[in-house]
Amino acid sequence: MQAWGKDQGIEGSMITFVADPAAELTKALGMEMTHAGPPSVGIIGRCKRFAIHADDEEIKAVVVSERPDDPAGDDDPSATLAENMLEVVKKA
């Protein structure tokens, strides 16, 4: 995660990348994908594409990019991208 953060230029910013190799946080948040999806994609057990706005240890908003025909949010991740999350933060 540190290398990815460095590559994305988030060092010193308010953004935190969090690893979840055993899916403990994913499961606790109810964000584990259970949709069968195409077997070649390996969806089961993956984390849904989501973003959380938290302030002072309080979750203000959770946004998930998923649709019945796109459970991974790969076709349209816009809900969890920075542009939309900035709007979510403004409204919170």
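One aromatic pair is counted in this predicted model, where rings of Phe, Tyr and Trp (its six-membered ring) pair if their centres lie within 6.5 Å. The partners are Trp4 and Phe17, with 4.5 Å from centre to centre and 40° between the planes. This arrangement is tilted, a class that lies between stacked (planes under 30 degrees apart) and edge-to-face (over 60). The pair links distant parts of the chain, 13 residues apart: Trp4 belongs to helix 1 (residues 2-8), and Phe17 to the loop between helix 1 and helix 2 (24-28). Trp4 is partly exposed, at a relative accessible area of 48%, and Phe17 is likewise partly exposed, at 26%. Buried means under 20% relative accessible area, exposed over 50%, and partly exposed in between, with a 1.4 Å probe and protein chains only.

The protein chain has three helices and two strands, in the order α-α-β-β-α from the N terminus. Helices (H or I, at least four residues) and strands (E, at least two) are DSSP runs, numbered from the N terminus. Along its principal axes the C-alpha trace spans about 40 × 30 × 25 Å. Of the 92 residues in the protein chain, 22% are buried.

Residues are numbered from 1 along each chain as its sequence is written. In this predicted model, local features need pLDDT of at least 70 and side-chain atom pairs count only at pLDDT 80 or more, while totals for chains, interfaces and linings use all residues; side-chain values use heavy atoms, with hydrogens and water left out.
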